[in-house]
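Subject: Structure handover

Hello,

Here is the structure for you to look through. My notes on what was found follow below it.

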Amino acid sequence: MMTDVFIGLGSNLKAPAAQLARAVSALANLPETVLVAQSPFYASRPVGPQDQPDFVNGAVWLRTSLLPHQLLDELQNVEQQHGRERLRHWGPRTLDLDILIFGDQMLDDERLTVPHRELRNRDFALQPLLDLKADLTLPDGTPIAKLRRQCPDNGLRKLPPADYP
């Protein structure tokens with residue numbers, strides 16, 4: 001059985017837009033997974049410590065038969081291939097891949113919380129989700145569009161396609 005999954009992508013090191021473009025290619029090649037769509041990329045101020053470059057973010061819509069923790073393992077492998085280091089909480093990174101929504105599942109364990117715990121507060125995740133599927137809802141029925149209207153502004157700026165490969 002294939003499940004619709006939405007993944008958030010972020011980077012603020014080593015040509016961030018190019019990092020995201022390479023990540024999208026890697027995600028399209030995950031086992032038992034099909035890339036449905038890719039959002040535009042956006043730039044925004046970092047969450048947390050401000051002594052770092054702005055982030056570039058986007059999202060992808062996947063269909064996968066992987067289970068949530070299997071997908072998480074695959075995403076972490078892709079992050080490692082991009083040189084991800086976890087030096088400080090909300091610090092700079094070459095690549096961050098987050099499972100934002102996994103079908104209608106709600107999970108909360110030591111490794112994974114779905115829907116993503118901070119989704120409601122992140123315009124740089126909500127807007128790309130709306131670009132992918134305007135009528136997307138959380139498993140509890142809350143429309144992503146409603147969350148986006150209520151979300152704090154983080155200086156989100158849509159990047160023109162010419163700014164990324």
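Contact here means heavy atoms within 4.5 Å. Helices (H or I, at least four residues) and strands (E, at least two) are DSSP runs, numbered from the N terminus. This is a predicted model, in which local features need pLDDT of at least 70 and side-chain atom pairs count only at pLDDT 80 or more, while totals for chains, interfaces and linings use all residues. Residues are numbered from 1 along each chain as its sequence is written, and side-chain values use heavy atoms, with hydrogens and water left out.

Overall build

The protein has 4 helices and 8 strands. Read from the N terminus, the order is β-α-β-β-β-α-β-β-β-α-α-β. The C-alpha trace spans about 40 × 35 × 35 Å along its principal axes. The radius of gyration is 15 Å, which agrees with the value near 15 Å for a compact globule of 165 residues. That radius is taken over C-alpha atoms, and the globule rule is 2.2 Å times the number of residues to the power 0.38.

Of the 165 residues, 50% count as buried. Buried means under 20% relative accessible area, exposed over 50%, and partly exposed in between (1.4 Å probe, protein chains only). The protein exposes about 8100 Å², and carbon and sulfur atoms supply 51% of that area. Areas come from the Shrake-Rupley method with a 1.4 Å probe; for residues, only the protein chains shown count as cover. Take the contacts between residues at least 6 apart in sequence: 70% of them join residues at least 24 apart.

Cores

A nonpolar core is a set of buried Ala, Val, Leu, Ile, Met, Phe, Trp, Tyr and Cys residues joined through side-chain atoms within 4.5 Å. The largest one has 26 residues. Ile-7, Leu-9, Leu-27, Leu-71, Leu-75, Leu-97 and Ile-99 touch the most other members. β1, α1, β4, α2 and β5 each supply at least two residues of this core. The largest share, 5 residues, comes from α1. A second, separate core has 16 residues, including Ile-101, Leu-126, Leu-130 and Leu-132.

What does Leu-75 contact, leaving aside its neighbours within four places in sequence? The list is Ile-7, Leu-27, Leu-30, Leu-97 and Ile-99.

α1 covers residues 16-28, 13 residues in total. Its first and last C-alpha atoms are 18 Å apart, close to the 18 Å expected at 1.5 Å a residue. The expected span is 1.5 Å times one less than the number of residues. Its buried residues include Pro-16, Leu-20, Val-24 and Leu-27. An α-helix has 3.6 residues a turn, so residues three or four places apart point the same way. Cover for the buried residues of α1 includes β1 (3-11), β2 (33-38), β4 (55-64), α2 (68-81) and β5 (96-102).

α3 is mostly covered, with 9 of its 10 residues buried. Among them are Asp-123, Phe-124, Gln-127 and Pro-128. The buried residues of α3 pack against β1, β2, β3, β4, β5 and α4 (144-150).

Ser-44 is in strand β3 (residues 42-44). At 1% relative accessibility, Ser-44 is buried. Beyond its neighbours within four places in sequence, its contacts include Asp-54, Phe-124, Asn-154 and Arg-157.

The count of aromatic pairs is 1. Rings of Phe, Tyr and Trp (its six-membered ring) pair if their centres lie within 6.5 Å; planes under 30 degrees apart count as stacked, over 60 as edge-to-face and the rest as tilted. Phe-6 and Trp-61 form a tilted pair, 5.2 Å centre to centre with 35° between the planes. Phe-6 lies in β1 and Trp-61 in β4, so the pair ties together parts 55 residues apart in sequence. Phe-6 is buried at 3% relative accessibility. Trp-61 is buried at 11%.

Backbone points to check

Most residues other than glycine have a negative phi, and most peptide bonds are trans. A cis peptide bond joins Val-114 and Pro-115, with omega about -5°. Pro-115 lies in the loop between β7 (113-114) and α3 (123-132).

Lys-14 has a positive phi of about 55°. Ala-15 also has a positive phi, near 60°. Lys-14 is in the loop between β1 and α1, and Ala-15 is found in the loop between β1 and α1 too. Lys-14 is exposed, at 66% relative accessible area. Ala-15 is partly exposed, at 49%.

Best wishes
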